[in-house]
Structures are given as C-alpha cells and as structure tokens.
Amino acid sequence: MGLPSTPISLALIPTSFSLSKLFGQIGDAALSLNFTYQKIKRKEGRDLSKMVWRLVVLMCLLICDDLSRAQDYSDDAPPPPPREQENCDGIFVSYTFISREKEYPRLKNASAQSWAFKAMATVLNAGSFELKSWKIFIGFQHDEILVSAGGAVVVDGDDMPASVGNGTFLSGFPQSDLKTSIVTAGDINKIEVRIPITGTQFGVKPPDVPMPKTISLANDGYKCPKPTLKKTSMFVCCTTNLKVKVKPKSTKFSPRQYGDLSFVYDIMQAYEGNYLAQVTIENNHPLGRLDHWNLTWEWMRGEFINSMRGAYTHKIDATDCIYGAAGQHYQDLDFSHVMNCQKNPIIGDLPSEKAKDEKVGYIPYCCRNGSLLPTTMDRTKSKAAFQLQVFKIPPDMNRTALYPPEKWKIVGVLNPNYKCGPPVRVDPTEYPDETGLLQVTSSAIASWQVSCNITRPKTKTSRCCVSYSAFYNDSVVPCNTCACGCDDEETETDTDNCNPNIPQMLLPSEALLVPFPNRTAKARAWARLKHIDIPNPMPCGDNCGVSINWHINSDYRTGWTARITLFNWEEINFEDWFVAVEMKKAFLGYENIYSFNGTVLKDINDTLFFQGLPGLNWLMGEVNGSDPKTDPRVPGKQQSVISFRKKLTPGIKIKQGDGFPTKLYFNGEECSLPTEFPTGDGIRNPPVNLVPLILLTLVTSMLITHHFH
C-alpha cells in the first residue's frame with residue numbers, strides 16, 4: 001500500500017515562488033516517505049498512513065516557507081499589488097524596484113559606480129472609460145540608461161540604450177489601448193500592461209534604493225496627485241480632470257493631434273502576408289522646413305520593404321532577409337528584387353524629374369528632392385508622400401494583423417531638430433475616389449499618426465550663426481566660438497590647437513568673406529592694430545555651414561537702415577531659402593527690403609520673413625577661388641538693405657543694440673546669436689591727440705608775431 005491519495009490544498013501554497021521547484025521537492029520527499037512507510041509497515045505490521053500523511057503536509061509547509069523566503073531577489077518577482085489599487089477609480093500607475101547588481105568597472109567612488117537594475121512598471125485601467133494610447137512619465141533621477149522596456153517604447157523615439165536621467169515618457173507597443181474591466185469581464189490582459197524594465201543607474205550606495213522622483217499618467221484629461229513612495233515601490237491613482245473639458249469622441253480611435261510636423265501611415269491594401277502602405281508628411285509649422293530629408297524608423301515584427309514608389313531606401317540589400325526569419329519563411333521568393341531588409345531603413349525623397357516616372361513616380365506630392373517648405377512660403381509644397389509594399393512574417397500573416405513601424409526620426413540639411421512621438425491609431429484617412437466622382441471618397445483600411453515637434457538647439461549645437469557689425473564701429477563681432485559645435489566628428493576641430501571656451505576675437509569686415517582657417521592672420525593683425533591681447537591658443541571657429549551678418553548701415557532722425565548678408569559655406573545649394581528675423585523693439589518700424597521678398601508675420605512674435613525674389617531664390621554653395629592653389633574658397637552670398645522708420649518706435653536706441661535681432665532663423669533652424677553688440681564709442685579713424693596740435697599752433701603764432709616785430 002502506498003501513500004494516501006488525499007488531495008493537498010493549494011491555498012496552503014504561497015504564490016510568490018516557482019511551482020516547478022515546489023513540486024520537484026515535494027516529489028522527492030514523497031518518494032523517500034513512501035519507502036520509509038513500506039519498511040515500517042512490514043516491520044510493525046500496522047497501518048501508519050495517518051502518521052506519514054502528517055509528515056508529508058509538514059514537509060510541504062516547510063518547503064513552501066523556504067522557497068517564499070528565497071524569492072525576495074533570486075527570481076526578481078515583484079511583490080503583490082498594493083491595497084490602494086483596489087480603491088482606485090481611474091488609472092493606477094505603479095513602479096516597483098526589484099533588484100540590482102554592481103557592474104564593471106568596480107570603482108571606489110560610489111557616485112560613479114554603475115549598477116544594473118531591474119524594475120517593473122504597470123498601468124492598470126481601474127476606471128470606467130477606455131484609455132487610448134496610454135503614456136506614462138517616469139522621473140528617473142540617477143543618470144539612468146534605459147536598456148529595455150518590454151511592451152513600451154520611448155516616446156521621443158530614442159533608440160535603446162537611451163539616457164533617461166532627467167526622466168522619460170513611455171508609451172505602449174503593441175498594446176497601446178487599455179480597455180475597461182466592464183467590457184472585458186475583468187480580463188487582466190486587456191486592462192493592464194506590465195513593463196519589465198532593465199537598465200543602468202549610477203550612485204545610490206546600498207542599502208538605499210534608487211527610486212524615481214515621480215511617476216504619472218501623461219494622457220490629456222487626467223490629473224495625478226503626488227505619488228505614494230514606499231521603500232521599493234511607488235504608485236499613484238490618476239483620475240479624470242473635471243476642469244479640463246474633453247470633447248466627446250465621435251470617432252472610434254484617438255483624435256488627430258497637432259504637431260509641427262506630422263506623419264500619417266495609411267494601410268491602403270491588405271493581403272495575406274503583405275500590405276500596401278502610404279506615408280504622408282505634412283509640415284504644419286510656419287517656420288519649419290526640411291531640405292534633402294532622410295526618414296528612418298524601426299520595424300518591430302520582422303517586416304521588410306519589397307518595393308517603393310515616390311521614395312527610395314539609401315541601401316538596397318536583401319542580406320538580412322536571406323539569413324533571417326524572412327528567408328526561412330519565404331523560401332521561394334526571389335530576394336534579388338527586394339528593396340530593403342534593414343530593421344532601421346533610411347528613406348529619402350526622389351528628385352523632381354522622377355515625378356512622372358511610371359515605375360517609381362505618379363504619387364501625389366512625391367518627388368521634390370527632399371524639400372518640405374513652410375506654409376508661409378508655399379502651402380502646396382509643405383506636403384510629401386510615398387508608397388511602399390511591406391512583407392510580413394509569422395505570426396502576423398493574417399491580413400488584419402497590421403502594425404506600424406516605431407521610433408520615427410527625420411532629419412534635413414541645416415534644418416530644425418524634430419522629436420517624434422509614437423504612432424497613434426486614428427480614424428482611417430479618406431481619399432478622393434479614383435473613379436473621379438465628385439462626392440465619392442474611399443478610406444484607408446487603417447491609419448496611424450506620428451506627431452513631431454521642433455526642439456530648440458542647446459548651446460553650441462546650432463547649424464547656423466550670426467555676426468554683428470555697425471557703421472559706428474569698424475570691428476565686427478563675429479559668430480560665437482564653437483557656435484555649431486567643436487567636439488563632434490563632423491566639425492573635425494582640433495581643440496588641442498584652439499580654445500573652445502573663450503570669446504571670438506574682433507575682426508575687420510573683410511575677414512567675413514574668407515573661411516575661418518584663413519582669418520587667423522587677419523585677426524592677429526587687427527588685434528595688434530587695436531591694441532587687443534592675442535590669446536594663446538586662439539579661439540576655435542564657429543564651424544557653421546551658414547553664417548549671416550547683420551550690419552547697422554545708417555541712423556538718422558526719422559529712420560535707420562540695416563544690411564543683411566547670407567554666406568553659404570556648404571557645398572550644397574539652398575533652393576527657396578528663407579530667413580525669419582524676430583525684432584522685438586524695431587518690428588513696428590519695418591518699412592521695406594529691397595533685394596529680397598519681405599513679409600510681416602504679425603502672429604509669430606514680431607517676425608519679419610525674407611526670401612529670394614523669383615530667379616534669385618538660390619543660395620549657391622561654396623566654390624574654389626580664382627586660383628585654388630593660393631586663393632581661399634569663396635562662399636555663396638546674398639545681400640539686401642532693409643529700411644525702418646522711427647515714427648512707430650519712439651525711443652528706439654540703435655547704438656545701444658535695439659536695431660539687432662532677438663532671434664534669427666535660416667530655413668527653420670534657429671541660429672546662434674552673438675553675446676554682445678558693437679559699441680557706439682568705436683570710430684573708424686584713429687583718435688587725434690589735440691595737445692601737440694595746440695602747442696604747434698601757439699609756437700607758430702609766436703614765431704609769426706616775432707617775425708613782424
């Protein structure tokens with residue numbers, strides 16, 4: 001006779017440990033007890049089942065207790081949810097620190113020591129309304145580097161590993177929406193998302209715990225109180241904000257958002273294993289712009305681009321497909337005709353001559369050589385589009401398994417920096433019907449929107465700069481030192497031979513016409529002439545592709561004039577260029593610009609908008625001098641005089657700096673401005689000492705008088 005078959009109550013087993021370990025140890029103990037039981041029964045001749053069963057239960061409880069104690073950090077299991085979750089009528093957001101271990105190198109300086117940490121963030125919809133496109137903020141504060149975040153992506157599109165020491169926004173992928181418990185019968189997988197986080201943090205010596213400063217829900221229409229902090233956990237219940245009037249949604253999906261730049265990813269046709277998508281780019285910012293744009297994203301589910309119209313990928317290569325999962329699935333596909341299999345393809349616009357090409361063109365708004373103009377210049381050129389055929393791999397072969405790419409980024413040549421959010425599902429885009437019937441429209445199968453906004457460049461990261469000069473001072477205040485960077489590979493500046501942290505030296509006006517490496521001799525000679533100390537080493541250059549000189553040309557009783565000169569130090573040409581100038585004190589006095597087209601933008605912070613006249617809208621690139629062996633390279637140049645009246649700007653003080661811009665943009669990029677103005681005490685001719693002149697006059701007078709007497 002074996003052990004009794006009385007069932008064990010699972011209520012006695014803790015839930016915070018591995019059941020496989022439990023049953024393994026129970027099995028071993030049961031075999032040992034069964035052998036002992038049979039031996040005692042043969043010897044004693046009596047039934048000892050009750051006694052043995054009690055020993056089994058006792059051993060089970062001892063094993064359970066041992067395993068539950070061992071699970072604090074060994075299996076990285078987070079503790080059960082807090083009681084406050086049960087009382088939340090809204091969105092419950094939590095962050096739980098699980099464990100960490102010291103990384104290499106091992107340092108004695110605790111603040112510099114790096115630690116690999118694990119944490120778990122959760123978002124639970126405990127309310128009565130569906131949460132669309134959830135987004136949370138985690139206020140990291142220990143120089144964290146995010147290595148992975150399962151089920152979420154960084155909102156600004158940064159690739160992993162991402163520096164998030166000042167906090168970061170996370171949004172859901174692939175589960176971006178959280179339904180309610182009411183409509184899912186409490187299905188936890190549809191109302192909650194769990195985000196396992198791994199990364200590196202610095203400092204915070206044990207036993208202190210590296211917790212974030214705060215956590216919150218970042219969706220519009222919700223308010224979050226200060227989160228509750230316990231030793232290893234932080235949580236907050238966010239409820240609908242009654243003060244924010246949210247318009248009732250008449251659509252199934254999220255409403256479209258405004259962004260300085262927006263993408264729409266439309267699924268036009270869907271088949272078994274592939275689909276046809278159209279990408280539409282719209283520039284919504286009145287001063288935003290892109291030239292020769294390059295777009296990239298990340299495929300999250302093994303997709304690849306089979307063909308494109310209206311754009312192209314910089315690399316045509318099927319290697320990643322042939323040796324990857326796609327090659328295993330599509331064994332009969334000729335990959336020599338596949339356009340791109342990269343996880344992060346780089347996509348560029350086609351030139352204008354391809355717009356009517358039957359193979360790669362004939363897409364509305366395509367093929368503009370990568371130019372995306374602001375609406376203030378030409379609304380018809382503020383939009384671009386292209387199409388691509390995307391192949392999928394299992395398990396997404398069903399025609400309804402549709403996922404957009406993530407981590408969208410777009411850059412241009414000397415244009416603003418754009419930070420893009422995650423794709424958000426919106427109502428399908430409607431298009432005019434191809435049959436040409438006036439009141440008939442067709443819609444996309446599915447649509448996602450990506451919103452991007454311009455970020456202001458930090459110090460020494462601009463891509464254009466401004467110099468100041470004036471008729472009342474013969475020295476030019478040049479662009480700032482390292483205005484466009486000094487330490488990156490693109491500038492190739494040897495900071496060992498120049499000083500990136502001191503102001504630029506004053507220059508004569510003719511020095512602006514030559515590249516910076518050719519200005520050294522002129523700067524030294526000018527400093528000696530003006531009795532200015534020459535630093536050693538001398539300041540580094542500005543390293544900007546475009547520089548703009550703003551010169552005060554004249555100042556008279558009823559008005560004043562300025563001259564603006566554009567210098568292009570790049571080898572590329574800028575077509576349809578523009579300059580936007582913010583003039584806080586002189587804006588109302590603007591009268592006219594004579595060689596450019598000028599527009600007053602009253603709704604944009606007292607801004608004047610200048611662009612080239614028809615036929616003069618090209619800012620040519622830098623070229624060789626007359627003799628390339630001896631003459632410096634010559635920049636492309638455009639120039640015009642601007643006139644202002646003083647009637648509407650009484651009290652304006654030109655010599656005190658009121659005639660200089662407060663902000664200046666070239667092709668949408670905010671340019672670096674000098675930190676000082678030309679002073680009004682400088683004169684072009686050297687000062688005359690009157691004492692010798694007076695003495696000479698007196699001596700001459702005495703000699704003349706003596707001669708006549």
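Is cysteine 237 buried, partly exposed or exposed? Cysteine 237 is partly exposed, because its relative accessible area is 23%, and buried would require a value under 20%. Please keep in mind, colleagues, that the model is a predicted one.

Let me turn to the bond in which this residue takes part. A disulfide is a covalent bond between the sulfur atoms of two cysteines. In this model the count is 10 disulfides, and I shall present three of them.

Cysteine 237 is paired with cysteine 88, with 2.0 Å between the two sulfur atoms. This link is right-handed, with 80 degrees about the S-S bond. Distant parts of the chain are linked here: cysteine 88 sits in the loop between helix H2 and strand E1, while cysteine 237 belongs to strand E12, 149 residues apart.

The next pair is cysteine 420 and cysteine 452, joined with an S to S distance of 2.1 Å. Their link is also right-handed, at 105 degrees about the S-S bond. Cysteine 420 lies in strand E21 and cysteine 452 in strand E25, 32 residues apart. Cysteine 420 is buried at 3%, and cysteine 452 is buried at 0%.

Finally, I come to cysteine 464 and cysteine 671, whose sulfur atoms are 2.0 Å apart. Here the link is left-handed, with -95 degrees about the S-S bond. Cysteine 464 is in strand E26 and cysteine 671 is in the loop between strand E38 and helix H8, so the pair ties together parts 207 residues apart in sequence. Both of these cysteines are buried.

Technical notes: Residues numbered from 1 in each chain as written. Predicted model: local features only at pLDDT ≥ 70, side-chain atom pairs only at ≥ 80, totals over all residues. Heavy atoms only, no water. Disulfide = S-S within 2.5 Å. Helix = DSSP H or I, 4+ residues; strand = E, 2+ residues; numbered from the N terminus. Buried < 20%, exposed > 50% of the residue type's maximum accessible area, 1.4 Å probe, protein only.
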